[in-house]
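Here are my notes for a first look at this structure. Please keep the sequence and the model open while you read, and take the points one at a time.

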Amino acid sequence: MKKPEALEHIPLDYHPNPSSEELIAHSEQMLQAYRKRRSCRFFSDKDVPEELIQNLIEIAGSAPSGANKQPWYFVAVRSQELKDKIREAAEAEEKLFYEERATEEWLKDLAPLGTDWEKPFLSIAPWLIIVFKELYGQEESGEKVKHYYVNESVGLASGFLISAIHHLGLTTLTHTPSPMNFLANILGRPSNQKPFLLLPVGYPAEDATVPNIEKKGLDEISEIL
Ligand code: IYR
């Protein structure tokens with residue numbers, strides 16, 4: 001096969017060039033801000049504008065991906081009827097998870113977080129963003145497009161999304177009801193798209209609480225050689 005031509009290269013349009021001192025100061029500020037990010041299960045029903053959700057999704061879609069195939073799709077749900085339907089289906093799966101499917105060890109690991117099958121945040125948060133991974137792409141002609149590193153790519157896009165939500169001062173929760181194919185059914189997605197995770201997005205409730213967990217220290221998660 002003849003090798004396709006490489007795309008033209010254009011200049012990199014990002015050269016802020018800060019000094020080391022500026023970088024360190026900025027990274028310290030960022031670290032303090034990131035340390036405040038928590039998975040929050042208590043949402044206010046205060047509305048969040050659609051434009052903001054669209055910008056957040058574009059931020060997620062700016063993530064790197066295998067061969068730039070962008071193997072993701074985002075469904076943003078604000079319809080109360082759909083949110084209630086998703087909550088009902090998620091709670092049915094979660095009830096089975098907590099009462100039958102989860103191993104003793106898994107339940108023991110979850111106990112400190114105080115989670116259970118009830119998921120009121122799914123109907124209270126103003127938005128649910130459901131992230132889908134695309135196992136392969138589909139051209140208009142019906143031809144399949146190969147996708148690479150799908151989980152890594154969609155994980156990166158989800159990380160961008162969570163980070164941007166926090167940066168704005170809003171909150172989210174990485175929710176992975178298991179199994180979650182009910183989301184594809186309710187939202188009528190094609191068979192090349194599989195649910196990856198669900199992020200409720202909104203303002204935290206005034207009286208929101210979070211479990212008092214700790215993150216591993218730098219020494220535990222890294223070394224410098
Ligand atoms: N999907 C369940 C259980 C759950 C699993 C893990 I791993 C968590 O970090 C938290 C919860 C639920 O959402 O409750």
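1. A word on what counts as near: a residue is near a molecule if one of its heavy atoms lies within 4 Å of it. With that in hand, the ligand is surrounded by Glu-94, Phe-97, Tyr-98, Trp-106, Leu-110, Asp-116, Lys-119, His-175 and Thr-176.

2. Before going further, please note that this is a predicted model, in which local features need pLDDT of at least 70 and side-chain atom pairs count only at pLDDT 80 or more, while totals for chains, interfaces and linings use all residues. Residues are numbered from 1 along each chain as its sequence is written, and side-chain values use heavy atoms, with hydrogens and water left out.

3. Which residue has a polar side-chain atom 2.5 Å from an oxygen atom of the ligand? That is Lys-119, and the pair is a polar contact (N or O atoms within 3.5 Å). His-175 also points a polar side-chain atom at a ligand oxygen, at 3.2 Å. Thr-176 takes part through its backbone: a polar atom there is 3.3 Å from a nitrogen atom of the ligand. The protein covers 71% of the 380 Å² of accessible area that the ligand has on its own, by the Shrake-Rupley method with a 1.4 Å probe.

4. Helices and strands here are DSSP runs (helices H or I, at least four residues; strands E, at least two), numbered from the N terminus. Helix H3 (80-101) and helix H4 (104-110) are the elements that give two or more residues to the shell around the ligand. H3 has the largest share, three residues. By class, the shell has four nonpolar, two polar and three charged residues; Ala, Val, Leu, Ile, Met, Phe, Trp, Tyr, Cys and Pro count as nonpolar, Asp, Glu, Lys and Arg as charged, and the others, Gly among them, as polar.

5. Now to the pockets. A pocket is an open set of points on a 1 Å grid over the protein atoms alone, where a 1.4 Å probe fits, with protein on both sides within 12 Å along at least five of seven lines; lining residues have an atom within 4 Å of a point. The ligand takes the space of the largest pocket, and to sit there more than half of its atoms must lie within 2 Å of the grid points.

6. The largest pocket has a volume of about 510 Å³, meaning the space filled by probe spheres set on the points, which are joined across faces, edges and corners. Its lining has 21 residues, with Arg-41, Leu-110, Leu-113, Thr-115 and Thr-174 nearest the centre. H3 supplies the largest share of this lining, three residues. The lining divides into nine nonpolar, six polar and six charged residues.

7. Do have a look at the second largest pocket too, with about 310 Å³ of space. Among its lining residues are Tyr-34, Arg-38, Glu-214 and Lys-216. Helix H1 (residues 20-35) gives the most to this lining, three residues. How many polar residues does the lining hold? It has no polar residues, beside four nonpolar and six charged.

8. Finally, the chain as a whole has eight helices and six strands. Asn-17, in the segment before H1, has a positive phi near 55°.

How values were computed
Polar contact = N/O pair within 3.5 Å; in protein donor to acceptor, adjacent residues only side chain to side chain.
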